[in-house]
Amino acid sequence: MSLFSERLELDGYVVRQAFPEDAEALYKVRIEVAKHCDTVLSTPEEISLESIRTWIEDWLKRDKRLFLVLEHEGEIVGQLWVWFYDSKEKLKHVAEIGLEIVPRHQGKGLGKKLFKIGVDWAEENGAVRIQAETLERNIAVIKIMEECGFKLEGKRYAFVKNGDRYENAVSYYKIVGDISEKE
C-alpha cells in the first residue's frame with residue numbers, strides 16, 4: 001500500500017492522501033470537471049459515486065499508486081493520480097500522472113505544483129520513465145508538463161470524440177536518471 005503520509009500546505013490549499021471517505025467529494029469534483037472541461041475523457045453520465053468509491057479503495061490496496069486530493073477551506077477541489085505499470089515486469093519502471101482541478105481553482109499555478117509533487121513521488125519510488133497525456137489543445141497542461149521537463153513524444157490522431165469533432169491527444173514523457181535516451 002502506498003500512502004502519502006505528508007499533509008502539505010500549498011498557497012492556502014492542503015494536499016493530502018485520498019481516502020474512501022472522500023468518495024462523495026471526489027465524485028462531485030469529477031462531475032464538475034467533466035461538465036466544464038471537455039478535455040477530460042469521461043462524460044458526467046459515465047461517472048458514478050460507486051465507481052469513484054471502488055477506484056479509491058482499489059488504489060489504496062496497491063503498491064506504487066498515489067492518489068492525492070487538493071483541498072481549499074475544507075472542500076476538495078482537485079486530485080492527482082500517479083501509477084506505475086507494475087503488472088508486467090518489463091514495465092515496472094514506468095509511471096503515469098493524471099490531474100484534475102475544478103475550473104474555479106484553475107489558473108493559480110496549483111496544477112504545476114501538484115504535478116511536480118507527482119513527478120517527485122514517482123522519481124522517489126523508482127520511476128525511470130514518467131508519462132502523461134492530454135488533448136492537443138489543452139495548452140495549460142502542456143505548459144505544465146514542459147515546465148516540469150517533459151518532452152513531446154507523439155500524437156494520437158482522432159483519439160477523442162467531443163460532440164461532432166474528433167480531437168488529437170498528445171503524449172509527453174520524462175526520463176529520470178542516467179540512462180541514455182534513443183530518439
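## Briefing on the protein chain

Of the 183 residues of the protein chain, 45% count as buried. The model is a predicted one, and the protein chain in it holds 4 helices and 8 strands. The radius of gyration is 16 Å, close to the 16 Å that the globule rule gives for 183 residues, so the protein chain is as compact as a globular protein of that length.

**Overall build**

- The C-alpha trace spans about 45 × 45 × 30 Å along its principal axes.
- Among the contacts in the protein chain with a separation of 6 or more, 58% are accounted for by residues 24 or more positions apart.

**The nonpolar core**

- In soluble globular proteins, nonpolar side chains tend to be buried together.
- The largest nonpolar core here has 51 residues, of which Leu26, Leu70, Val82, Phe115, Ile130 and Phe150 touch the most other members.
- Helix 3, made of residues 110-124, gives the most to this core, with 7 residues.
- Leaving aside residues up to four places away in sequence, Phe150 touches Phe115, Val119, Ile130, Gln131, Ala132, Met145, Tyr172, Tyr173 and Lys174.

**Ala132**

- Ala132 lies in strand 6, which covers residues 129-135, and its relative accessible area is 5%, so Ala132 is buried, the cut-off being under 20%.
- Not counting residues up to four places away in sequence, Ala132 touches Ile97, Phe115, Met145, Phe150, Val170, Ser171 and Tyr172.
- Ala132 and Gly98 are 34 residues apart along the chain, while their C-alpha atoms are separated by 6.8 Å.

**Asp22**

- Asp22 is found in the loop between strand 2 (13-17) and helix 1 (23-36), and at 8% relative accessibility Asp22 counts as buried, because the value falls under 20%.
- With residues up to four places away in sequence not counted, Asp22 touches Arg16, Gln17, Ile56, Val69 and Ile76.
- The C-alpha atoms of Asp22 and Ile52 are separated by 9.2 Å, although the two residues are 30 residues apart along the chain.

Key. Residues are numbered from 1 along each chain as its sequence is written. This is a predicted model: local features need pLDDT of at least 70, side-chain atom pairs count only at pLDDT 80 or more; totals for chains, interfaces and linings use all residues. Side-chain values use heavy atoms; hydrogens and water are left out. Helices (H or I, at least four residues) and strands (E, at least two) are DSSP runs, numbered from the N terminus. The radius of gyration is taken over C-alpha atoms; the globule rule is 2.2 Å times the number of residues to the power 0.38. Buried means under 20% relative accessible area, exposed over 50%, partly exposed in between (1.4 Å probe, protein chains only). Contact means heavy atoms within 4.5 Å. A nonpolar core is a set of buried Ala, Val, Leu, Ile, Met, Phe, Trp, Tyr and Cys residues joined through side-chain atoms within 4.5 Å.
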